[in-house]
Amino acid sequence: MEARWLDYKSTLLAKYGTTVYRIGVDGGFSCPNRDPSRGGGCVYCDAKGSSAAYQRKDESSYKRSSSCFVPDIDRITAISAPQTLDERKQSIIRQIAQGGEFIDKRYPGASKSIYFQAFTSTFDSPETLRQLYDCALSTGSYRELIVSTRPDCLSEEVVSLLASYRGKVETVWVELGLQSGNDDTLAWIGRGHTVDDFIQACARSHSGGLQVSAHVILGLPGESYSHIERTARVITSVHPQAIKIHNLHVVAGTRLYDAYLRGELSIASRQRHISETIHLLRRIPGDIAIQRFISDTPMHRLAAPRHFGDKGVFVRQLLAQMELQDVRQGDSL
Ligand code: SF4
């Protein structure tokens, strides 16, 4: 079957000759954008800051496995108290042991990467960052170091620090939230940065030899196909090595959830997300690897959409639709 987009897993296989899985790590970071003086963070940000589902030890196994929505989950799982540097290191070591064991059991022989995933994983002093990254990478041999952050938390100094790990791992990535190429939308969703901030952060990352994965959300309030075209133009101009596409999720305990309860939002159906995904894909270069197509929120935290279906269903339907239309990534550039 002909490929309609550049699949990230295939790029890993081609590069390393083996499958590679990420160990998601919560390094005990916070996020400057969650400061009340900045409006309390992105409207969709929950108390977990995108930590991996298997690392959410403070949620009971019942709640993690339940498909029922639990609207008061954030009162049960409030953000934990600040930790000392040593506690953060111990936690990182524990998480990597746990994540590594999971991967070894499920995918014997696969390579691993370290993924600092939760909140803003460069939001600390360079010396503390160095100690935390060193700690993670001292636990074994890893293909890649991936650090999730914000455009306004990626100084030249931090880029240099991250670039210094290129001898220790084969590739260093930063995952940078753009979300939308439209400043009005960024203001509405409380991102606390502009499109230009994202463009500058990509330039700094690329100058330092880092790979960039840009995060985009489709289905944001007020966005139409012309807004998606603008987002595609920004992506094309900075040319990240990968992108992650998300469909807007309404998660319990967020300001977006409050707006949803007030009836101020409509949430895209799977069909709409397929259509918007195709619109974006056709307008970005074919050598940008696609790492994700839909959001991944545990059902007990997810207010909407509730009946979207899983990733496998989405990818099959997306592929079928692209074949039907005979379109592919980058063919509208
Ligand atoms: S940048 Fe991430 S962690 Fe910070 S407020 Fe936004 S979603 Fe939350």
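The model is predicted: local features need pLDDT of at least 70, side-chain atom pairs count only at pLDDT 80 or more, and totals for chains, interfaces and linings use all residues. Residues are numbered from 1 along each chain as its sequence is written.

Start with the open sheet. Seven strands pair in parallel, in the order β1-β2-β3-β4-β5-β6-β8. Strands are DSSP runs (E, at least two residues), helices likewise (H or I, at least four), numbered from the N terminus. Two strands pair if DSSP finds at least two bridges between them. β1 (20–25) and β8 (289–292) are the edges, each pairing on one side only. On average, neighbouring strands are turned by 25 degrees against each other, direction ignored. Axes here are lines fitted to C-alpha atoms, for helices over the stretch in contact; angles run from 0 to 180 degrees between N-to-C directions.

Look at β2 (residues 111–116) and β3 (residues 144–149). Three bridges join these parallel strands. F116 has V147 of β3 as its bridge partner. Helix α1 (residues 8–16) packs on the sheet, touching β1, β2, β6 (242–247) and β8. Its direction makes about 120 degrees with that of β8. Contact means C-beta atoms, placed from the backbone, within 7 Å.

L176 touches T149, P151, F198, A201, C202, V212, A214 and H215, leaving out residues up to four places away in sequence.

Last, the ligand. Eleven residues surround the ligand, the closest being C31, N33, G41, C42 and C45. A residue counts as near if its C-beta atom, placed from the backbone, lies within 6 Å.

Note on methods: Two residues are in contact if their C-beta atoms, placed from the backbone, lie within 7 Å.
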